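Welcome! Let us walk through a structure together, one question at a time.

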Amino acid sequence: MLRAGAVKLFMDPAYPSPAVDRPCGPNCIEHVGETNYSMDEIEALAVAAASADLDIVVHCGGNRAIDYALGAFDAVRRSHGSKDLRLRIEHAFIAHASQAHRMAELGVSLVAQPGLGSAFGSLFR
């Protein structure tokens, strides 16, 4: 079957300030950068795209943006089951290893640019 169509959502701006949660001490997380959508908004957009049979691509620079995207993809999988949808995260240059496991569980593809983290990592400390 021939099919086309995807929606690309930008979860965070990536540069100069991706949405990152980083440890700042025992039991302390510092929230750096902003997301473009709330968790509820990104879930609603993703589920609506899935209902329209659109693949979903989410641009994520930071780990908090990735968590939001994965939450949206989880909502898509719960609401649309085994529907043939391609779910993808682009960039993810500030990510946690646990997020890779969740991507695999949800069947999410990653288009990574590890050079971005290497080249610009000092900007996000």
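This is a predicted model: local features need pLDDT of at least 70, side-chain atom pairs count only at pLDDT 80 or more; totals for chains, interfaces and linings use all residues.

Reader: Which pattern does the protein chain follow along the sequence?

Author: Helices (H or I, at least four residues) and strands (E, at least two) are DSSP runs, numbered from the N terminus. The protein chain has 4 helices and 6 strands. Read along the sequence, they give the pattern β-β-β-α-β-α-β-α-β-α.

Reader: What percentage of the residues of the protein chain count as buried?

Author: A residue is buried under 20% relative accessible area, exposed over 50%, and partly exposed in between (1.4 Å probe, protein chains only). The protein chain has 125 residues, and the buried share is 37%.

Reader: Among contacts between residues at least 6 apart in sequence, what percentage join residues at least 24 apart?

Author: A contact means heavy atoms within 4.5 Å. Of the contacts in the protein chain between residues at least 6 apart in sequence, those joining residues at least 24 apart make up 68%.

Reader: Leaving aside neighbours within four places in sequence, which residues is Leu-70 in contact with?

Author: Leu-70 is among the residues with the most contacts inside the largest core. Once its neighbours within four places in sequence are set aside, its contacts are Ile-89, Gln-99, Arg-102, Met-103, Leu-106 and Val-108.

Reader: Which residues does the disulfide join?

Author: A disulfide is a covalent bond between the sulfur atoms of two cysteines. The rule used here asks for a pair of cysteine sulfur atoms within 2.5 Å, and a search of the whole structure finds 1 disulfide. With -60° about the S-S bond, the link is left-handed. At an S to S distance of 2.0 Å, the joined residues are Cys-24 and Cys-28.

Reader: Is Cys-60 buried or exposed?

Author: Cys-24 is partly exposed, at 40% relative accessibility, and Cys-28 is partly exposed as well, at 31%. Cys-60 has a relative accessible area of 0%, so Cys-60 counts as buried.

Reader: Which residues do salt bridges that share partners join into one network?

Author: A salt bridge is a side-chain nitrogen of Lys or Arg within 4 Å of a carboxyl oxygen of Asp or Glu, and by this rule the count comes to 7. Lys-8 and Glu-90 meet in one of them (3.1 Å, N to O), linking strand β1 (residues 6–10) to strand β5 across 82 residues. Glu-90, buried at 12% relative accessible area, forms another with Arg-88, the closest N and O atoms being 2.7 Å apart. Through these shared partners, the network joins Lys-8, Arg-88 and Glu-90.

Conventions:
Residues are numbered from 1 along each chain as its sequence is written. Side-chain values use heavy atoms; hydrogens and water are left out. A nonpolar core is a set of buried Ala, Val, Leu, Ile, Met, Phe, Trp, Tyr and Cys residues joined through side-chain atoms within 4.5 Å.
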